[in-house]
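Here's a quick tour for anyone meeting this one for the first time. Take a look at it before reading on.

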Amino acid sequence: MRPFELSLTDAATEIAAGRLSPVELTDSVLARVEATEPALGAFACVTADRARADAARAEAEIAAGRLRGPLHGIPLGVKDLFDTAGVPSTASSAVWAGRVPDRDAAVVERLVAAGMVLVGKTHTHEFAFGGETPTTRNPWDTGRIPGGSSGGSGAAVAAGSCTVALGSDTAGSIRIPAALCGTVGLKPTYGRTSRRGVASLSWSLDHVGPLARTVRDCALLLDAMAGVDPEDPATVDVPPPGAVGALDAAGEDLTGVRVGVPTNWFFEHVSADVARAVHAAIDRLAALGAQLREVTVPHAEQVLGTQWGILMPEAAAYHRERLRESADLLTDDVRLGLEVGELIPATDYIQALRMRTLLQRGWAAMFADVDVLVAPTMAFAAPLVGQRDVTWADGTVEDVATTLIRLTCPADLTGQPALSIPVGADPAGLPLGMQVIGRPFDEVTVLRVGAAHERAAGTAGQLAPVG
Amino acid sequence: MDMVPRPSDPEATASAARAARLRLPTERLPQVTALLAHVQAHIDRLDEVPLGETPPAAAFDARWER
């Protein structure tokens, strides 16, 4: 196995045992970047020189007996929405071309302190306002989109051009590319991880989290990223997740775990391949001892109105000056979204915030008898580049932009932790994802269910055959 | 609830943009009008749910030191 093919967990084991050096690993990953970038365009910028220097430093520290932990010397991709000190941070926008912050985003600061090696900034749909990431292609079929907005992170992790990556999730932007590119992606609970230094899309819905090859890799990142931050007033002072320890102690047995299976919303207007793959995954969870319980999703018909009613005005407020001073530099779809956001009355915004309260209460009640909810992450496999609509079996035509967020945005509205895991492929070999949604701040149970499925399915860490 | 239907035409969009103090070139009005109508159709479904005394899920913390 070549070093770039290793999961974070396996690479960390090899490094700790002295069988792999961070320099070898980083060189292998950078060679993979070179081989795959012409086809993928996953990176807004590659920081090869810095990565080699950081890897050499990590190698020297580890050789001197100062291994900082499992993240030490591991190559990391950071979504271009996140500030990185001394490295261009442009949110994949011409508006911010040449912008170089002098301070890392809070979560980047934590991961750099843990010894991670920055290999580059991964592309985002401009300012995270979209689910496609038009700069980037899907590593399983370069005629298709990787999803977004963390599309560069999804494509890079799936291709092996970074070991793990960071993403943000406001309507699904971690889980969408994770599902369409065949990686694992974790949206932690709202308030678990700091957004300081990450360009906002919608303050009250933004989350940051990891994309990785395995569930345990996500747990390692979560443990390092989590924590209250006075500079992000949304963060909550709760005990650390202790995700890796809990995951390693839990094992594969899911006896006693109550898994909610939705009877509405999540299986409506999804492809037959998605429904089949997710139901097979649910059967696998039952075989591992989980108790399945049917549940009804509350206020499903109000989900999209609540999402758009909050996100669009908040995005328009954040970009108010840019829309007036630099509109010509914005891509057309982002400019259009911001213009529409300007025209939503404040009362509609407040009604959406009130509806969000009801959604939260409704989901809490739905969780009375379940520990997690499982559902498709995406209604379809990766759509074609340029595809605008999808026609469902009943003849309904839906715009792709809505399809991309329809099943992921509920967990952004309720703030609950949500993990997307690969659950197979369609006949063309395109990955399909299932999300596991948990109780607030109970990432451990979400990760436990995901890891048990991953082990049972035996598909952990599969890389896309690109390059 | 007696909700007056929202206008959905370029003229109404231009008027709303003026109220928002946003310069919206004439050639952009059709696509802005179309997306606005799409988003409003979703938002209008919130009217189906009686919100009663439900407070907004807004975030404000009056503490000075955190």
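Leaving aside its neighbours within four places in sequence, which residues is A:E294 in contact with?

## A strand residue on the outside

The residues are A:V261 and A:T263, where contact means heavy atoms within 4.5 Å. A:E294 itself sits in strand 8 (residues 291–295) of chain A; helices (H or I, at least four residues) and strands (E, at least two) are DSSP runs, numbered from the N terminus. With 69% relative accessibility, A:E294 counts as exposed (buried means under 20% relative accessible area, exposed over 50%, partly exposed in between, using a 1.4 Å probe and protein chains only).

## About the model

This is a predicted model, in which local features need pLDDT of at least 70 and side-chain atom pairs count only at pLDDT 80 or more, while totals for chains, interfaces and linings use all residues. Residues are numbered from 1 along each chain as its sequence is written, chains are lettered from A and ligands numbered from 1 in the order written, and side-chain values use heavy atoms, leaving out hydrogens and water.

Count the disulfides over all chains and you get 0; a disulfide here is a pair of cysteine sulfur atoms within 2.5 Å. For A:C45, the nearest cysteine sulfur belongs to A:C162, 13 Å away.

Most residues other than glycine have a negative phi, and most peptide bonds are trans. A:A128 isn't a glycine, yet has a positive phi of about 65°. You'll find A:A128 in the loop between strand 3 and helix 5 of chain A, and it's buried, with a relative accessible area of 5%.

That loop between strand 3 (117–122) and helix 5 (151–159) also holds A:S149, which is joined to A:G148 by a cis peptide bond with omega of about 10°.

A:F441 is another non-glycine with a positive phi of about 65°. This one is in the loop between strand 13 (431–438) and helix 16 (443–457) of chain A, and at 26% relative accessibility A:F441 counts as partly exposed.
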